[in-house]
Amino acid sequence: MVLANSGARMSSHSHEVTTVDLSQPMYTDRLDTPLPDKPYKEVLSAADKTLQQKEMGPWTKLSKEEKLALYRLKFNQTYEEMKQPTGEWKTVIGGMFIFVGITGLVVIWQAIYVYPARPRTFEEEWKSKQAQRMIDMRMNPIEGLASKWDYQTGQWK
């Protein structure tokens, strides 16, 4: 079945989709933009409207609480509130530790189950026999390993 219009498609979903018009001014609390495009509160209560009327008069007649309420109509946070540490670093460090831990477990798992056993050529016994064979065959006698061997006494020079 093909749905003909978007209304039919939208009605088939059980959740509600909200869209934001990004061409309209938006409110944001940011340190680098001190004056947002629009005030924090757009819908004002009756008390807020009377406070806004008092704002038109002399500010010396306003109390400290009224000035703070007027500020909160325009802005959600002060600079000091925006500068407060958020604790996000804990999440980042925790995520890094989880990632490193899982990586370590994968490496250990690979070392046990994926990689083959170490070859016998890495054993000390094999290395000593290989060095003796190189001496016996007189490999690189001028400046290599065999040049440091005394063939008369059978010892290293």
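The chain holds six helices and two strands, where helices (H or I, at least four residues) and strands (E, at least two) are DSSP runs numbered from the N terminus. From the N terminus on, these elements follow the order α-α-α-α-α-α-β-β. This is a predicted model, in which local features need pLDDT of at least 70 and side-chain atom pairs count only at pLDDT 80 or more, while totals for chains, interfaces and linings use all residues. Residues are numbered from 1 along each chain as its sequence is written, and side-chain values use heavy atoms, with hydrogens and water left out.

**Confidence**
- The mean pLDDT of the chain is 85, and 90% of the residues score at least 70; pLDDT is the predictor's confidence in each residue, from 0 to 100.
- Among the elements of the chain, helix α1 (residues 6-11) has the lowest mean pLDDT, 53, whereas α5 has the highest, 96.
- Where pLDDT is low, the predicted coordinates should not be read in detail.

**Burial and surface**
- Of the 157 residues, 10% count as buried, meaning under 20% relative accessible area, with exposed meaning over 50% and partly exposed in between (1.4 Å probe, protein chains only).
- The chain exposes about 14000 Å², of which carbon and sulfur atoms supply 60%; accessible areas come from the Shrake-Rupley method with a 1.4 Å probe, and for residues only the protein chains shown count as cover.
- I112, which has its place in helix α5 (residues 88-114), is exposed, with a relative accessible area of 55%.

**Salt bridges**
- The whole structure contains six salt bridges, each being a side-chain nitrogen of Lys or Arg within 4 Å of a carboxyl oxygen of Asp or Glu.
- The side chains of E66 and K54 form one of them, at 2.5 Å from N to O; E66 lies in helix α3 and K54 in helix α2 (residues 46-55), so the pair ties together parts that are 12 residues apart in sequence.
- E66 counts as buried at 19% relative accessibility, whereas K54 counts as partly exposed at 43%.
- Leaving aside neighbours within four places in sequence, E66 is in contact (heavy atoms within 4.5 Å) with L51, K54 and K61.
- R72 and E81 meet through their side chains in a salt bridge of 2.8 Å, N to O; R72 is partly exposed at 27% relative accessible area, and E81 is partly exposed at 34%.
- E42 forms a salt bridge with K38, the closest N and O atoms being 3.0 Å apart; E42 counts as exposed at 53% relative accessibility, while K38 is partly exposed at 25%.
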